Amino acid sequence: MRELEQSFIQFDEVSFWYNHDEPWALKELSLTIKKNEFVAVIGHNGSGKSTIAKLMNGLLFPQKGEIFVDGLRLSEETVWDIRKKVGMVFQNPDNQFVGTTVEDDVAFGLENHGIPRKEMIERIEQSLKAVGMLDYRKHEPHRLSGGQKQRVAIAGVLAVAPDLIILDEATAMLDPKGRTEIMKTVQRIRKEKKVSILMITHDLHEVTFADRVIVMNRGQKLIEGTPKEVFQQHETLWEIGLDIPFVAKIAAELKQRGIPLNKQPLNNKELLEELWRLHSNM
């Protein structure tokens, strides 16, 4: 119970299947997410990543186990209160747009929650400003770039003021520039709004921004730890068909050649610092 009180999200031996004739999508999964924590979930297709996201938001209900969100047990009676606390941004932003302009689209969720008009106007401006899209408030969503569309989708979720934002493969359809835009936006929002972030992703570079990583395999948790701890288990990741970032590959190759680094680098800057340290000590 003490762990539950400290966690914003709590999965307690949760199991779920889509079809009785198929294997469990999730099997006896237990996990926690704390307030203002950035957690990345990775795994191959069918590992259970998106199922986790849909269960957190009450789009699905577990056949076994219990889910708690901010102390509320997920049920038919609490699902609407939970959805106010947990917002989702999906892979294709075009599927989320309902308004004729950017500000109309952001207003949609607020209208559904019965937010007074004066407060609604303030929230629209604040959320669009937070994602760097305030100057596009009168634009038609379908005329925006992929990265801009996804930032508007994030603004729509942010306006409802959830405590947790789930990004379910939210950068999968974007080019490298668009992905960089979204990651900068997510980091800024987390810092300014103090919200928890759950990122479901295939992009191992995005994982480096997380506080903690959960690796899923066949509906179960395979590895859990910081990005550095997870990437050090590169052989296990390769066995289930997952790659590791280029920088982590270099660090692993150096270790195999008898040149271990003091720290596991996560980006080019950290790698260069370690290489310079090695050079200076030669």
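Predicted model: local features only at pLDDT ≥ 70, side-chain atom pairs only at ≥ 80, totals over all residues.

**Stop 1**

Select residues 212-217, which make up strand β9, and residues 220-225, which make up strand β10. These two run antiparallel to each other and are paired over five bridges. Now click on Asn217 and look across: Gln220 in β10 stands opposite.

Which residue sits in the loop between β9 and β10? Pick Arg218 and you've found the place. The hairpin has two residues between its strands, and Arg218 takes a positive phi near 55° there. Arg218 does this although it is not a glycine.

**Stop 2: the open sheet**

Next, bring up the four strands that form an open sheet, in the order β2-β1-β4-β5. Their pairing is antiparallel. As a bit of background, strands of a sheet pair through backbone hydrogen bonds, either parallel or antiparallel.

Which strands stand at the edges? Color β2 (26-33) and β5 (72-73) to see them. Each has a single partner strand, so one side of each is left without a neighbour in the sheet.

Now zoom in on strand β1, residues 9-16, beside β2: this antiparallel pair is joined over five bridges. Click Val14 and find its bridge partner in β2, which is Leu29. While you're in strand β1, select Glu13 too. Glu13 has a positive phi, near 50°, and is a residue other than glycine.

**Stop 3: a salt bridge**

Show the side chains of Asp94 and Lys149. They meet in a salt bridge, at 3.1 Å from N to O. Asp94 is in the loop between β6 (86-89) and α4 (102-112), while Lys149 belongs to helix α6 (residues 146-159), so the pair ties together parts that are 55 residues apart in sequence. How many salt bridges are there by this rule? The count comes to 16. In general, side chains of opposite charge can pair when their charged atoms come close.

**Stop 4**

Zoom out and color the chain by domain: domain 1 covers 36-58 + 78-235, and domain 2 covers 245-282. Seven residues from domain 1 and six residues from domain 2 take part in the contact. The C-alpha centres of the two domains are 32 Å apart.

How much area do domain 1 and domain 2 bury between them? About 680 Å², with 74% of it on carbon and sulfur atoms. Select Thr208, Lys228 and Phe231: they supply 63% of the area that domain 1 buries against domain 2, more than any other three residues.

Note on methods:
Residues numbered from 1 in each chain as written. Heavy atoms only, no water. Domains from an automatic or database assignment. Contact = heavy atoms within 4.5 Å. Buried area = accessible area lost by both parts, 1.4 Å probe. Pairing = 2+ DSSP bridges. Salt bridge = Lys/Arg side-chain N within 4 Å of Asp/Glu carboxyl O.
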